[in-house]
Amino acid sequence: MKKTIALVEDEPDIVELLEIHLSRGGFQVKSFTSGKSFLDYLKKNTPDVLILDLMLPDIDGLEICKQVRALNSTAEVAIIMLTAKSEEVDKILGLELGADDYVTKPFSPKELVARVKAVLRRHAPRQATRTIEIKGGLVIDLEKYTVTLKNERIDLTPTEFKILELLASKKGWVFSREKILDYLWGDEKAVIDRTVDVHIRHLREKLGPASGCVKNLRGVGYRLEE
Ligand code: CA
């Protein structure tokens with residue numbers, strides 16, 4: 001079955017371009033030029049991926065992101081945000097709204113399609129029941145996609161989870177930023193290196209007393225200590 005991509009964007013040229021490329025990429029596309037029409041659609045539908053423009057004429061893209069995450073039916077939907085300025089990315093990341101990826105305009109439609117495929121891969125259901133235990137009572141459940149610290153759930157964004165999962169897959173190994181970006185976005189990565197640092201900073205903040213297990217090796221990368 002085709003995956004459904006909801007596209008919320010008020011610039012007709014971008015909508016047209018993305019509709020063509022996403023359809024060619026094998027996706028079903030539902031386009032909305034206003035936040036309100038999209039939120040109406042959301043009452044009865046759950047897309048697989050949401051591509052969301054930050055600047056919309058009626059409702060702020062950040063507000064829509066918040067509402068999507070707040071709804072039970074759509075809390076897990078992968079969200080890719082479109083921003084006009086790269087400076088906005090840090091701001092959005094700082095708000096921790098749980099978007100999975102960010103693309104700055106102008107972007108190549110091919111790249112965006114690749115990003116859509118990447119977030120879908122990351123959201124794909126997992127087969128084996130597996131948990132990884134890290135010192136200090138930190139447990140990653142790879143099936144339920146949850147992280148707990150002494151049985152208390154820690155809410156991570158999908159990207160933060162993915163980074164922690166990667167580091168935990170080989171405890172003690174050093175992963176370069178490049179490697180982490182590769183794992184997150186695959187061949188089509190175009191994200192700036194410091195995006196990884198920002199995600200890791202948030203991840204550490206959330207891990208609280210267990211944050212010491214994520215070590216930064218200056219100029220080299222990151223590793224998870226046993
Ligand atoms: Ca716009």
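## Basis of the description

Two strands are taken to pair if DSSP finds at least two bridges between them, and helices (H or I, at least four residues) and strands (E, at least two) are DSSP runs numbered from the N terminus. The model is predicted, so that local features need pLDDT of at least 70 and side-chain atom pairs count only at pLDDT 80 or more, whereas totals for chains, interfaces and linings use all residues. Residues are numbered from 1 along each chain as its sequence is written, and side-chain values use heavy atoms, with hydrogens and water left out.

Strand β11 (residues 214-217) pairs with β12 in the antiparallel sense over four bridges, and Asn216 stands opposite Tyr222 in β12. These two strands form a hairpin with three residues between them, where Gly219 in the turn has a positive phi of about 75°. Strand β12 (residues 221-224) also pairs with β10 (residues 174-175), again in the antiparallel sense, over two bridges; Phe175 has Tyr222 as its bridge partner, and Val174 has Arg223.

Together the three strands form an open, antiparallel sheet in the order β10-β12-β11, with β10 and β11 as the edge strands, each pairing on one side only. Helix α8 (residues 194-207) packs on the sheet and touches β11 and β12 (contact means heavy atoms within 4.5 Å); the direction of α8 makes about 145° with that of β11 (axes are lines fitted to C-alpha atoms, for helices over the stretch in contact, and angles run from 0 to 180 degrees between N-to-C directions).
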